[in-house]
Amino acid sequence: MDGRTYIIGRAGQIRIHDSSVSRSHAKITFVDGMIRIRDLCSTNGTFVEKGGKFVPCHEAYISPNTRLKIGAGAYSVKGLLAASGIYAISQDDTDFTIILSRPSRKTNLRHINSQI
């Protein structure tokens, strides 16, 4: 899984149809068994939940349980990965297993906050 990258945005592998989301909004990369999120100079920013609040994030290492605010929606990293056919199974916040269940494909997300 190392080096695998997924773009989140209106035109990424993980598509979010929201006018406040940039075409290429953020990038999730697997690095040394960890997940890294990076904002791609999006217009409205990428936010990571810390201490119950969403804080601006340019780049950070995150767990599969981390929640992100992208555009008008809030999403779990697990949910975004699952939308691309990647399942992150957490033992705790620092240890997880990634399973690629099917070939990567473009996936459309509409405000699925209540489902994640």
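Q: A salt bridge is a side-chain nitrogen of Lys or Arg within 4 Å of a carboxyl oxygen of Asp or Glu. What makes Arg36 and Glu59 such a pair?
A: Their closest N and O atoms are 3.2 Å apart, so the pair falls inside the 4 Å limit. This is a predicted model, in which local features need pLDDT of at least 70 and side-chain atom pairs pLDDT 80 or more, while totals for chains, interfaces and linings use all residues. Residues are numbered from 1 along each chain as its sequence is written, and side-chain values use heavy atoms, leaving out hydrogens and water.

Q: How many salt bridges does the structure hold, and which residues form a network?
A: There are two salt bridges.

Q: Why are Arg36, Arg38 and Glu59 called partly exposed?
A: Buried means under 20% relative accessible area and exposed over 50%, with partly exposed in between (1.4 Å probe, protein chains only). Arg36 has 21%, Arg38 has 33% and Glu59 has 39%, so each of these residues is partly exposed.

Q: Why is the pair of Tyr6 and Phe30 called an aromatic pair, and of what kind?
A: Rings of Phe, Tyr and Trp (its six-membered ring) pair if their centres lie within 6.5 Å; planes under 30 degrees apart are stacked, over 60 edge-to-face, and the rest tilted. The centres of Tyr6 and Phe30 are 6.4 Å apart and their planes stand at 90°, so this pair is edge-to-face. The structure holds one aromatic pair. Tyr6 in β1 (residues 5-9) and Phe30 in β3 (residues 26-31) are 24 residues apart, and both residues are buried.

Q: What makes a nonpolar core here, and which residues have the most contacts inside the largest?
A: Such a core joins buried Ala, Val, Leu, Ile, Met, Phe, Trp, Tyr and Cys residues through side-chain atoms within 4.5 Å. The largest has 20 residues, and Ile8, Ile37, Ile62, Leu68, Ile70 and Leu80 have the most contacts inside it. Elements supplying at least two residues each include β4 (34-39), β7 (59-62), β8 (67-70) and α1 (77-83). Counting contact as heavy atoms within 4.5 Å, Ile62 touches Ile35, Ile37, Val48, Leu68 and Val77, leaving aside residues up to four places away in sequence.

Q: Why are β6 and β9 called edge strands?
A: Two strands pair if DSSP finds at least two bridges between them. Four strands form an open sheet in the order β6-β5-β8-β9, with antiparallel pairing. Here β6 (53-56) and β9 (73-76) each pair on one side only. The β8 and β9 pairing runs over four bridges, and Ile70 stands opposite Gly73 in β9.

Q: How many helices and strands does the protein have?
A: Helices (H or I, at least four residues) and strands (E, at least two) are DSSP runs, numbered from the N terminus. The protein comes to one helix and twelve strands. Buried residues make up 44% of its 116 residues.
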